[in-house]
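Please look over the sequence and the model below before reading on.

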Amino acid sequence: MLDKDVLIEVKDLCKSYGENTVLENLSTNIYKGEVIAIIGPSGCGKSTFLRSLNLLERPESGSIRFNGVDITDKKVNINKVREKIGMVFQQFNLFPNMTVKENIMLAPVKLKIMGKEQASTKADELLKRVGLSDKADAYPGNLSGGQKQRIAIARTMAMNPDVILFDEPTSALDPEMVGEVLEIMKELASDGMTMVVVTHEMGFAREVASRVIFIDEKQIMEDTTPQEFFDNPKNQRLKDFLSKVK
């Protein structure tokens, strides 16, 4: 791919919590339109890496360039940058005192990206897209986990982001609700949305991802196509990991 297609460039990223180094000299590029699945054992730093991409975790050293701008530079307005980096969390983070539609409209209106009327139209479109038009006036407390996560995805899409970061988006869901969320993510991928997904869903990684990254021992151990990753792993640590999760 050409360099102009690089959306996020990570170079020599290091992150520690006190004496505990979590990521060490980690480098990779994320290209426009890619779906990257990030896989690894619990506690390996997957979520830390993901949250570093929009500076929810600030690295000790290294650089993260988003659309050519080094967002680790203190002079950069990170809140402005985050308008284009969507984030979907494990626990939905919806406002319980607002209706579903109000949750989706909030950020675009508050940040003056859209007027109320435009945001309302956009929210209706997104609710239809995630199959929840009938829940516009419901409150989050009356929704299932799967419905909440679909609303959280719709809320992120309302900002028209360049990339969406997913932090284990199905891990808090009951098994029967996982499929409905993954289906929305598959649709996003087929529409060309750039996505970085920390996940334990091996089927999703194999079927939907264009690249799979395996993180362990503070490093990227393997970074390749799903076919190579699952069918021909090179790294012994990855072979051991896959033997336990397949």
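Does D191 count as buried or exposed? With a relative accessibility of 55%, D191 counts as exposed, where exposed means over 50% relative accessible area, buried under 20% and partly exposed in between, computed with a 1.4 Å probe on protein chains only. D191 sits in the loop between α6 (175-190) and β8 (194-198); helices (H or I, at least four residues) and strands (E, at least two) are DSSP runs, numbered from the N terminus. Between the C-alpha atoms of D191 and Q236 there are 35 Å in space, while the two residues are 45 apart in sequence.

Some words on the source are needed here. The model is a predicted one, in which local features need pLDDT of at least 70 and side-chain atom pairs count only at pLDDT 80 or more, whereas totals for chains, interfaces and linings use all residues. Residues are numbered from 1 along each chain as its sequence is written, and side-chain values use heavy atoms, with hydrogens and water left out.

We turn next to the strands. S16 belongs to strand β1 (residues 6-17), and its side chain is joined to that of T21 by a polar contact of 3.3 Å. A polar contact is a pair of N or O atoms within 3.5 Å; within protein, one must be able to donate a hydrogen and the other to accept it, and residues adjacent in sequence count only if both atoms are side-chain atoms. When residues up to four places away in sequence are not counted, S16 touches T21, V22 and E60, contact meaning heavy atoms within 4.5 Å.

Strand β2 (residues 20-31) holds T28, which counts as buried because its relative accessibility is 8%. The side chains of T28 and R211 are joined by a polar contact of 2.9 Å. Apart from neighbours within four places in sequence, the residues in contact with T28 include I8, V10, F49, R211 and D223. N25 also has its place in strand β2, but at 46% relative accessibility N25 counts as partly exposed. The phi angle of N25 is near 50 degrees, a positive value in a residue other than glycine.

A positive phi is found at N160 too, where the value is near 50 degrees and the residue is again other than glycine. N160 lies in the loop between α5 and β7 (163-167) and, with 38% relative accessibility, counts as partly exposed.

Strand β4 contains F66, which is buried, its relative accessible area being 6%. Neighbours within four places in sequence aside, F66 is in contact with residues including L7, I8, V81, I85 and V163. From F66 to Q90, 24 residues along in sequence, the C-alpha to C-alpha separation is 24 Å.

In the loop between α1 (46-52) and β4 (61-66) we find E57, and this residue counts as buried because its relative accessibility is 17%. A polar contact of 3.1 Å links the side chains of E57 and Y17. Beyond its neighbours within four places in sequence, E57 is in contact with K15, Y17, T48, R51 and S52. M105 is 48 residues from E57 along the chain, and their C-alpha atoms are separated by 26 Å.

The helices come last. Two packed helices are described by the angle between their axes and the distance between the axes. Axes are lines fitted to C-alpha atoms, for helices over the stretch in contact, and angles run from 0 to 180 degrees between N-to-C directions.

The axes of helix α3 (residues 100-110) and α4 come within 9 Å and cross at roughly 130 degrees, so α3 is oblique to α4; angles under 35 degrees count as roughly parallel, over 145 as roughly antiparallel, 65 to 115 as roughly perpendicular and the rest as oblique. On the α3 side V100, K101, I104, M105 and V109 take part, and they meet residues of α4 including K116, A119, A123 and L127.

Helix α4 (residues 116-129) and helix α5 (residues 145-157) also have axes that come within 9 Å, with a crossing of roughly 140 degrees, which means that α4 is oblique to α5. K122, L126, L127 and R129 of α4 make this contact with I151, A154 and M157 of α5.
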